[in-house]
Amino acid sequence: MTMKRTITLSLVAVLGSATLSTLQAQELRLGGGYTGSNVKENDNEQWVGRAGYQFGVDLLLGERIFLKPGFHILTRNMDYTVLGVGPDGLPNGENSEVRYTSQSLRIPVLVGLRLLPSTDDTDFNLYAMGGPTALIGLKSDLTNTSLVVSTNATQWYLGIGAGFEYRFLFAEAGYDVA
């Protein structure tokens, strides 16, 4: 891990814990789930997103309007194919395939709205949320050492999502746009 990345992670942890220690968490949510990657082809390169996963913890602060910061470990998997090209510039059928896996610390800070008014009689609710997410790269692996893949140490996304909750159970779906 580079010195800059270590300093960034340390600052995020210190500032995040100092800020969150002044607030009283109304709910702590542990979760995990599926992560997919949407990638586009570029000339003779073909990236294919494969199933990944994430797990982490979120704090839910507020009632009808809420703030939801969190920390998640995110693993993304992709297959990369370079189409084989002969000296004449035509495809020769000798493709090279590589598996790429990256792990990141995902830090969303979402603002949400519960769509149904809370009452003592109901345990069910729907909600929508959105906000920025920082993605800090931790490590990446390639199955082919001749290929070099470079990414930004920290990436920023804007995310939207929706979910439902019943007592302590919840399910969410979301989409991040780079």
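Biologist: Which residue lies over the face of Phe170?

Modeller: Arg29 does, at 4.5 Å from the ring centre. A charge counts as over a ring if NZ of Lys or CZ of Arg is within 6 Å of the ring centre and within 35 degrees of the ring normal. Please note that this is a predicted model, in which local features need pLDDT of at least 70 and side-chain atom pairs count only at pLDDT 80 or more, while totals for chains, interfaces and linings use all residues. Residues are numbered from 1 along each chain as its sequence is written, and side-chain values use heavy atoms, with hydrogens and water left out.

Biologist: How many salt bridges does the structure hold?

Modeller: There are eight salt bridges. The term requires a side-chain nitrogen of Lys or Arg within 4 Å of a carboxyl oxygen of Asp or Glu.

Biologist: Which residue forms one with Asp58?

Modeller: Lys68 does, and the closest N and O atoms are 3.9 Å apart. This pair links distant parts of the chain, with Asp58 in strand β2 (residues 45-62) and Lys68 in strand β3 (residues 65-82), 10 residues apart.

Biologist: And how far apart are the closest N and O atoms of Glu172 and Lys68?

Modeller: In that salt bridge they are 2.7 Å apart. Glu172 belongs to strand β7 (residues 169-177) and is 104 residues apart from Lys68 in strand β3.

Biologist: What about Arg114, which residue does its side chain meet in a salt bridge?

Modeller: The partner is Glu165, at 2.6 Å from N to O. Arg114 lies in strand β4 (residues 96-114) and Glu165 in strand β6 (residues 154-166), so the pair ties together parts 51 residues apart in sequence. Both Arg114 and Glu165 are buried. Through shared partners, salt bridges join Glu27, Arg29, Asp58, Lys68, Arg114, Glu165 and Glu172 into one network.

Biologist: Changing topic, how many aromatic pairs are there?

Modeller: There are two. Phe66 and Tyr127 form an edge-to-face pair, 5.7 Å centre to centre with 85 degrees between the planes. Phe66 is in strand β3 and Tyr127 in strand β5 (residues 124-142), 61 residues apart. Rings of Phe, Tyr and Trp (its six-membered ring) pair if their centres lie within 6.5 Å; planes under 30 degrees apart count as stacked, over 60 as edge-to-face and the rest as tilted.

Biologist: Which residues make up the largest nonpolar core?

Modeller: Its five residues are Leu60, Phe66, Leu110, Tyr127 and Met129. Such a core is a set of buried Ala, Val, Leu, Ile, Met, Phe, Trp, Tyr and Cys residues joined through side-chain atoms within 4.5 Å. Within it, Phe66 is buried at 3% relative accessible area and Tyr127 at 2%.

Biologist: How much of the protein do buried residues make up?

Modeller: They make up 30% of the 178 residues.

Methods
Buried < 20%, exposed > 50% of the residue type's maximum accessible area, 1.4 Å probe, protein only. Helix = DSSP H or I, 4+ residues; strand = E, 2+ residues; numbered from the N terminus.
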